[in-house]
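Visitor: I would like to take a close look at a single part of this model, and then see how that part sits in the rest of its chain and beside the other one.

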Amino acid sequence: MRTDALRLRANVIKVTRDFFWERGFLEVETPLLIPANAPEEYINPVATLPSWQLQTSPEICMKRLLCSGHKKIFQITHCWRSLERGSRHLSEFTMLEWYRADCDYQALMVDCEELLQHITKTCLPDKGYFAYNSAKIDPFSPWQRISLQEAFLRFGQADVWDCLRKGLYEEILTSVIEPALAGFDSPVFLIDYPTELAALARTKPGDNKLAERFELYLGGLELANGFSELNDPVEQRNRFEGTNRARICAGQAELPLPEPFLNTLATMPASAGIAMGIDRLVMLAAGVNTIDEVVAFTPEEL
Amino acid sequence: MYTVADLKKGLKIILDGDPYLVVAFDFVKPGKGQALYRTKMRNMINGSLLDRTYRSGESFEPASLEERTMEYLYKEGDHYTFMDQQTYEQVVMEEETLGDAKNYLLENLKVEVMLFGEKAIGISLPNFVNLRVTATEQWAKGDTSGNDTKPATVETGYVLRVPPFIEEGELIVIDTRTGEYSTRVKG
């Protein structure tokens, strides 16, 4: 069984790579070991060398490539997030990220549709759909876009801002919203997140409480997170410092700031970037329910 | 102390003073959100199931449980007394805690007693026990009713279905996992 999954995994990665090459994206490699990640309240990097860390995402280095003039770049790489392990999580996992200069998050949503349709045609020609738990998801049926607030109101009869204030956001999202999304037979984008949930995203024009961020769900499984990039270094530094204040309040270690990134951010054109979990993409293609089934070895097997 | 990072299937922890066994566990973390640790746990004393969700920073007291070989001594009312043959230490368990195990308790039977601190919270029996039939109806030869079993009472008071040829006073083997008749002890 695992042999079939590994064959499918190799195929999905090859087809994904071809997809971006054919569309004129430059495949890049950036260092895995870096002095600072973008600090996140709930993501803990794996520390290795004294004061250096394994990347939690290649975003910092990839955005610096946008600053130096690259317009369309992608990367398939490994990321590490400390102590994340469950049926959908591995502490070390494989991430696909791509970035587009002179675009916003709308362009990335179109990319997602084309990529998943291309993978289905090429890797799943007979089956023709993705699957997770009991859901079958057809990437050729019309994709849904629902604002996060609308999803909270419609499926949870709750206001997302209210849930955030009361510390119920994660609980409602995972126990009410995600199961409701599992009922869709097409992929669903949740769009427009409260700014506090999007530390590196640009806010919507004329509404600084909402950020241009989206999450892609298939069968209730979160597959990708994309946004229009914030390129205001002052605002970005404020948000990073706010994140660190929140970490300290919660008894977490303060994280170092990526200074060279902050120093070049002003030169970054209006851009959009997205991270998609390759392991989860393979889970959906294989129709399996645990991440263990799509990797060569789990940490427990090492 | 355990932290949320130690949670996994099979972990035993103390909750509200009772020992619990983690029977299902998943790590849930929505994008950029806080991690949730979802567990399903079984109370090791009364067997009830409980769903609990934890967040980073929470900690748990390990439940230390010990299994000891003890001999069943006697019953007084609803209370059953067992003794450790090495230390002569005695523990008492209530009928409710023993559940179906009480059906097979014959004096001097060796069982594994699960101890939570000083308190006995359950026993494991041998898979098979031998018990003598104290009452059963005579099998009428030529009975055409089609019944291929009949009720029988054994020396612990337990009633089960046995084949028609079993007679009063016979020793039979009972499978304690199913509560069913297994075979007849010849001799």
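In what order do the strands of the open sheet of chain B run, and is the pairing parallel or antiparallel?

Guide: Please keep in mind that this is a predicted model. The open sheet in chain B is built of 6 strands, which follow one another in the order S1-S6-S2-S3-S4-S5, and the pairing is antiparallel. At its edges lie strand S1 (2-3) and strand S5 (49-55) of chain B, each of which pairs on one side only.

Turning to the chain as a whole, chain B is divided into domain 1 (2-62), domain 2 (69-124) and domain 3 (128-184). The centres of domain 1 and domain 3 of chain B, taken over C-alpha atoms, are separated by 44 Å.

As for the other chain, 13 residues of chain B are in contact with 18 residues of chain A. On the side of chain A that touches chain B, the elements giving two or more residues are helix H6 (169-181) and strand S12 (221-228) of chain A, and it is H6(A) that supplies the largest share, with 5 residues. Sorted by class, that side of chain A has 7 charged, 6 polar and 5 nonpolar residues.

Conventions: Residues are numbered from 1 along each chain as its sequence is written. Chains are lettered from A and ligands numbered from 1 in the order in which they are written. This is a predicted model: local features need pLDDT of at least 70, side-chain atom pairs count only at pLDDT 80 or more; totals for chains, interfaces and linings use all residues. Two residues are in contact if their C-beta atoms, placed from the backbone, lie within 7 Å. Helices (H or I, at least four residues) and strands (E, at least two) are DSSP runs, numbered from the N terminus. Ala, Val, Leu, Ile, Met, Phe, Trp, Tyr, Cys and Pro count as nonpolar, Asp, Glu, Lys and Arg as charged, and the others, Gly among them, as polar. Two strands pair if DSSP finds at least two bridges between them. Domain bounds come from an automatic or database domain assignment.
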